[in-house]
Amino acid sequence: MEIFEFQNLFLTSLKPGDYVGFTFFIGSMAMMAASVFFFFEYFNMEGKWRTSMLVSGLITFIAAVHYFYMRDFWAEFQVSPTEFRYIDWILTVPLMCVEFYLILKAFGAKVGLLWKMIFYSVWMLVAGYLGETVFRDSSPLWGFISTLGYIGILYEIWLGSAKKLADNSNDPALQSAFKALAWFVLAGWAIYPLGYMTIEGSGWLSGALDPSSMDIIYNIGDAVNKIGFGLVIYSLAVASTAKMRANN
Ligand SMILES: *C/C=C(C)/C=C/C=C(C)/C=C/C1=C(C)CCCC1(C)C
């Protein structure tokens, strides 16, 4: 019995030419490796930077666990694992908002800003989920509703209060890291709507791209954004920790 289950765990098949399956497999390994890295680097940081490293590690770790499920689900059914995908996002995107809050906290960020960003994220993801599932035929409408939430987040970090806090911080290291994160949200997160537009039938790109491109696009987006975001936080933490040690 035990041997049977053990075998089952490794019987997931990855067929030649299954590029979506490949990206799920690579994604799960990349997320796992990034988590180990961020968790271990936690010990090299000072003070508040430890919390930021922990959150970076949690983001990739939550993604890694979901990627293991998504990889197997895909291998078994060759169907998008939409539920696992959105459960992952609804946990990890708010944690990315927490990263913004944590780096701005020392410069006066209030919890209200965090909740506002989380609200926009949840709005964006719930609308996207509805467009991919129950209201698939009207996916452009739900994509539009979702985009309003995305614009809310963009507004906060490019023009709104988050941007102002960064500008007023007088900390060049913080400012350049904040700018890099803001670019991830503007350019990196824009990868996701492209994947969404491949929804068969109603998606604007569904004539041009195969529906299976959706998962490849989402998987690329996740690798770029979750690991890239964490690495920006990591470099900021390294620089600030070095400064804190030099001042002591
Ligand atoms: C780690 C996961 C991340 C950073 C996921 C981000 C997801 C988005 C920015 C999704 C955005 C969408 C739209 C703006 C419109 C179409 C529907 C979505 C949900 C794909």
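This is a predicted model: local features need pLDDT of at least 70, side-chain atom pairs count only at pLDDT 80 or more; totals for chains, interfaces and linings use all residues.
Leu14 belongs to the loop that links helix 1 (2–10) to helix 2 (19–41), and it counts as partly exposed because its relative accessibility is 37%.

Next comes the ligand. Its surroundings are made up of 18 residues, with Trp89, Met124, Ser146, Tyr192 and Lys226 the closest. On its own the ligand would expose 530 Å², and the protein buries 100% of that. The space it takes is the largest pocket. At least two residues of the shell come from each of helix 4 (82–105), helix 5 (111–132), helix 6 (139–158), helix 9 (191–196) and helix 10 (213–247), and helix 4 gives the most, with 5 residues.

As for charged pairs, the count is 7 salt bridges. One of them joins the side chains of Asp215 and Arg85, at 2.7 Å from N to O. Asp215 is in helix 10 and Arg85 in helix 4, so this pair ties together parts 130 residues apart in sequence. Asp215 counts as buried, at 2% relative accessibility, and Arg85 is buried too, at 1%.

Another salt bridge runs between Lys116 and Glu156, whose closest N and O atoms are 3.4 Å apart. Lys116 is in helix 5 and Glu156 in helix 6, so here the parts tied together are 40 residues apart in sequence. Lys116 is partly exposed, with a relative accessible area of 36%, whereas Glu156 is buried, at 3%.

Conventions: Residues are numbered from 1 along each chain as its sequence is written. Side-chain values use heavy atoms; hydrogens and water are left out. Helices (H or I, at least four residues) and strands (E, at least two) are DSSP runs, numbered from the N terminus. Buried means under 20% relative accessible area, exposed over 50%, partly exposed in between (1.4 Å probe, protein chains only). A residue is near a molecule or strand if one of its heavy atoms lies within 4 Å of it. Accessible areas come from the Shrake-Rupley method with a 1.4 Å probe; for residues, only the protein chains shown count as cover. On a 1 Å grid over the protein atoms alone, a cavity is a set of points where a 1.4 Å probe fits but cannot get out, and a pocket is an open set with protein on both sides within 12 Å along at least five of seven lines; lining residues have an atom within 4 Å of a point. A molecule sits in a cavity or pocket if more than half of its atoms lie within 2 Å of its grid points. A salt bridge is a side-chain nitrogen of Lys or Arg within 4 Å of a carboxyl oxygen of Asp or Glu.
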